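Some labels in a structure report rest on cut-offs.

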Amino acid sequence: MPRAKADKDRKIFVLDTSVILYAHNSIMNFAEHDVVIPITVLEELDQFKKGNDTKNFEAREFIRLLDKLSMDHMIHEWTPLNGKTKGNFKVLMNPDNKVNANVIFGEEKNDHKILNAALYLKENEKNRKVILVSKDINLRLKAKSLEILAEDYETGKIKNINELENTGKYILDNVDPKAINTLYDSGYIDAKEILGTRKRKANAYYILKSDKNSVLAFYNPEQNILERVDKKLAYNIKPKNAEQTFALHAITDPNIRLVSIQGVAGTGKTLLALAGALEQRREYKQIFLARPIVPLSNKDIGYLPGDIKSKLNPYMEPLWDNLKFIQNQYKETDKEYQKITELVNQEKLVIQPLAYIRGRSLSNIFFIVDEAQNLTPHEIKTIISRAGENTKIVFTGDVHQIDTPYLDSQSNGLSYLIDRVKDHPLYAHIKLEKGERSELANLANELL
């Protein structure tokens, strides 16, 4: 097969199981370079192929892809990847190395077998650069201790997370006070009167300031106007700062069908999303509030005592706490208080683990996904692709608080969503910056 580059210029990438469970098509994303799958990886994938989680889907899809690519080839021999610009792949059997990672680290385990595969290639492909690709930081560190080049799987990874977080809100100083007065009096103003030639992003929020006054505004992309944003109550929950005001506006705007809210603990993400959903309960058939289950200490919930309900209660309790907080804004005799109880009893408001909702039809539903930073990009895509008519989805989370192995602030689903969908007319993003839970909680976030 003719090649644009000589063998010495083509690298050999050794893929760890974590990369394939993150993206089953990762094998296709190494340009003209060659890819090696240690046999240990296939053995580990065999354990993941059964189940309904995303990792199970990724394992099954990769096995099917490998079967399709190999066709009549023996997989332990170099086999072309589809496409003229692609390299080859092969599965490497457990090699007999002079340098053995199991001996060096004093324990026989799958990670060390994968390291042995990279060591074998490094020894036997001396004119090629061999790189271990893994989303397991500890495995990468072990590789580097053996003088093996190691790196994270970079495809789809967000480069500048700080710039990404600030998407959606802008502060403009030295605005003409007359323009601000017009915005106050009329409720809207032609965008060019304030933004001039600045690039306008769909559904962006602005804090406009002059030396005399200030105003909160929203850019309406359909009419090319700035609209005044006022603080409004949502089921008796009142925004406490500008960012919360923007978030509630996006949550309750019927033209915005997809919202992401980023913020540290105590900024009110989930509370605002739930209050906004309750305020619009008549517009939707159901309100779903869900979060992914992240097993404690990476152990499956089967390790926990009790039936399935008692196993899941600790994970769902924070969501119930938010609902109780909203309900307690009223007296027990108030119709609003009783309405929440009625919604729960009639299953018009459902709080469940995300896995229980996957596969359901999401038509005429207000869907809140909490802790979205613990989802993979594929899971985010799967959830949104289930949306039917008159469905709104709100993702909340903190991209710096990752509890799932192999995800980080740059590769999690929430970061991926913000990066890929920004500036779309159906989407709005808000970052909540100030903790409003309590002064004590603020102390923890700021000083500890």
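What follows is a set of questions and answers on a predicted model.

Q: Why is Leu-443 called partly exposed?
A: Leu-443 has a relative accessibility of 38%. Buried means under 20% and exposed means over 50%, with partly exposed in between, so Leu-443 counts as partly exposed.

Q: What makes the nonpolar surface patch of about 340 Å²?
A: The patch is made by Leu-440, Leu-443 and Leu-447. Leu-443 lies in helix H17, which covers residues 439–447. A patch residue needs over 30% relative accessible area, and Leu-443 is at 38%.

Q: How do you know that the buried residues of H15 line one face of the helix?
A: In helix H15 (residues 377–385), the buried residues are Pro-377, Glu-379, Ile-380 and Ile-383. Seen down the axis of H15, these buried residues fall within an arc of 160°, so they line one face. Lys-381 and Ser-385 are exposed on the other side of H15. An α-helix has 3.6 residues a turn, so residues three or four places apart point the same way.

Q: How do you know that Lys-135 lies over the face of Tyr-22?
A: Lys-135 is at 4.5 Å from the ring centre of Tyr-22. The distance cut-off is 6 Å, and the charge must also be within 35 degrees of the ring normal. Lys-135 therefore counts as lying over the ring of Tyr-22. Lys-142 likewise lies over the face of Phe-105, at 5.0 Å from the ring centre.

Q: What makes Phe-13, Tyr-22, Phe-30 and Tyr-153 a cluster?
A: Ring pairs link these residues. Rings pair if their centres lie within 6.5 Å, and by this rule the count comes to nine aromatic pairs.

Methods:
Residues numbered from 1 in each chain as written. Predicted model: local features only at pLDDT ≥ 70, side-chain atom pairs only at ≥ 80, totals over all residues. Heavy atoms only, no water. Phe/Tyr/Trp six-rings, centres within 6.5 Å; stacked < 30°, edge-to-face > 60°. Patch = residues over 30% accessible without salt bridge, like charges linked within 9 Å, V, L, I, M, F, W, Y side chains within 5 Å. Areas by Shrake-Rupley, 256 points an atom, 1.4 Å probe, with all protein chains shown as cover. Salt bridge = Lys/Arg side-chain N within 4 Å of Asp/Glu carboxyl O. Helix = DSSP H or I, 4+ residues; strand = E, 2+ residues; numbered from the N terminus. Buried < 20%, exposed > 50% of the residue type's maximum accessible area, 1.4 Å probe, protein only. Arc of directions from axis to C-beta.
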